Amino acid sequence: ADAGGGSIKQLNGYGPGSIIRRTFNPAGRNAYVIGVHITDLAIILTHPPDRVTTDAIQIGIDLRNISRSIVERVHVGNLPLPGSAVTRATPRVFASQGYGIVLGTVSASDPAYAGGELNTLRDVSVWGGYKLITQDDMQLSPSSAAHAAVVDRCDLQNGHYLISQESKYTQAVTWRSCALQNVVPQAGSREPTYVIRIEGAFNRVDGGYVEPSTSVSFLVALGQTSNGNRIDFQFETGDLLGRVQDQGQNNVITVPGGPTGAHR
């Protein structure tokens, strides 16, 4: 990416900062954009390597208000893959800033509504960001409900949040067979860190490998509005069962060795 970006306010208003995004007018009507296919490329973000920026925040791929699209075999983040054509030396503590991939909508009752559901992320890696894959982000899209997304076989490393879904309205999202590793707090932040945060209902985490580091606050955090979610890990490392939080209803969380919660 070129240097530069935008503030949270600018990103909320679909201003500068997103490397790949659609043109969207949050104050008026927009055309539907459906069936975008992004494949076989890498986006290396260029946040400052020595500080956390507030006015040059970047989003790698901004899929807000786009429906039925596929992103596959793509790498995004402040940290390049080994052997990449682009190399960039960024300390890991300053790599935890910006956003990898963002999913979201505006409210269906809003005149600007133009979709944002049924998107698929497949065989994607996101290395280095504040939020690696974020859906219905409360700062970027506070009325969002990007239903029925599928996040499949993705490799997420070096973030303050690895996976986050932050709207009480969202349902039927599936995160399947992902590798979730190395939670790294953003420099100077006092906010909790998360492998997975979910606020919606009837979502599913199915399988996957978890190796989050000892600096993680929550392996799984299910918020007060969460309901009917099913979290089923095949494997996790470390003594992290005390870092599971369920404030919702009817959620079930299982890890190897038996269920840690079956809540009503």
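Which residue lies over the face of Tyr161? That would be Lys131, at 4.5 Å from the ring centre. The views below come from a predicted model, where local features need pLDDT of at least 70, side-chain atom pairs count only at pLDDT 80 or more, and totals for chains, interfaces and linings use all residues. Residues are numbered from 1 along each chain as its sequence is written, and side-chain values use heavy atoms, with hydrogens and water left out.

View A. The structure holds 5 aromatic pairs (ring centres of Phe, Tyr or Trp, the last by its six-membered ring, within 6.5 Å; planes under 30 degrees apart are stacked, over 60 edge-to-face, the rest tilted). Tyr32 comes from the loop between strands 1 and 2, Tyr113 from the loop between strands 5 and 6, 81 residues apart (strands are DSSP E runs of at least two residues, numbered from the N terminus). Tyr32 is partly exposed, at 49% relative accessibility (buried is under 20%, exposed over 50%, partly exposed in between; 1.4 Å probe, protein chains only).

**View B. Tyr194 and Phe218 stack.** Their centres sit 5.5 Å apart, with 25° between the planes. Tyr194 is in strand 12 and Phe218 in strand 15, so the pair ties together parts 24 residues apart in sequence. Tyr194 is buried at 10%, and Phe218 is buried too, at 17%.

**View C. Tyr130, Tyr161, Tyr194 and Phe218 make one aromatic cluster.** The charged end of Arg197 sits over the ring of Tyr194, 6.0 Å from its centre (the cut-off is NZ of Lys or CZ of Arg within 6 Å of the ring centre and within 35 degrees of the ring normal).

Note on methods: Helix = DSSP H or I, 4+ residues; strand = E, 2+ residues; numbered from the N terminus.
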